[in-house]
Amino acid sequence: MNFDLITSKDNALFKEVRLLQATGSKGQKARLACGQALLEGIHLVQTWLGDPGLKILFTSEVGLKNSEIAQAVYSHLEICPDTKVYQLDSALWDLLSELVNAPHLAGLLDLPKSSLAPSQSIATLAGDVVILDRVQDAGNVGSILRTAAAAGFTQVLALSGCAHLWSNKVLRAGMGAHRLLDLYEGWSNQQVLSAVTAPLLAATGDAKCDLFSLKNDLLHPVAWVMGSEGQGVSEDLLAQAKGISIPIDPRVESLNVSTAAAICLFETVRVRRG
């Protein structure tokens, strides 16, 4: 099967894809403007194989010589025959991918409506929720998404000021968890307080309530709030939440936010299992 070739870095599609990789607000604006994110590497692409939202694949002559990559491409085409596959000149691949010695496979994925729809259109968000309050490190955000999926918390809400959930670094750290989650972004604190129906539990180091003393609170839907790495949970959310602390050695100042999230979410799972 012959695929369209891209041989120049000035190709319009290639330039558009590179914009999606930009860091910070520039990359986020580009992704939201076109409604797509770039999946880099065999693992992420395999996670979305057969998904009609994966409409464009990129590989190279080197990539197609790899049996795992070739199988992924042709398997996806069998299910989604309208998918467009582009074969990049191998010299361009290093300009496309941020990964060192990465397999030559990437794809453009349509962002889900839950990530693009304005928060005003959602009157209520029932059930368990993980709320990220200005968590800025992409690795932390991706790790929390992966933990949330593993713990069965399928709704994640990122407030304004968080790392973009569909950035390259968050996607890689999430290791495919995105496909298992309903993701909401760009909400304000007031929108959270209006829409989230479960009681808010805020992980904070100075709270008097010990996580491991909780029982009844965790038996019903909860909204765990994880604050920013430097400032913690914002004051207006904390005022409406029950503060919860994780007991740690007093010689240690604090826990990484992704570690704290893992402890809180899986303690919730443990309590519910009885």
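1. Ser 228 is buried, at a relative accessible area of 10% (buried means under 20% relative accessible area, exposed over 50%, partly exposed in between, with a 1.4 Å probe and protein chains only). The model is predicted: local features need pLDDT of at least 70, side-chain atom pairs count only at pLDDT 80 or more, and totals for chains, interfaces and linings use all residues. Residues are numbered from 1 along each chain as its sequence is written, and side-chain values use heavy atoms, with hydrogens and water left out.

2. Ser 228 lies in the loop between strand E10 (223–227) and helix H11 (235–239); helices (H or I, at least four residues) and strands (E, at least two) are DSSP runs, numbered from the N terminus. Beyond its neighbours within four places in sequence, Ser 228 is in contact with Asp 133, Arg 134 and Val 135, contact being heavy atoms within 4.5 Å.

3. Helix H5 (residues 67–79) has 13 residues and should span 18 Å at 1.5 Å a residue, which agrees with its end C-alpha atoms being 18 Å apart. The expected span is 1.5 Å times one less than the number of residues.

4. Ile 69, Ala 70, Ala 72, Val 73, His 76 and Leu 77 of H5 are buried. Seen down the axis of H5, the buried residues fall within an arc of 160°, so they line one face of the helix; the arc is that of the directions from the helix axis to the C-beta atoms. The face turned away from the buried side of H5 carries the exposed residues Ser 67, Gln 71, Glu 78 and Ile 79.
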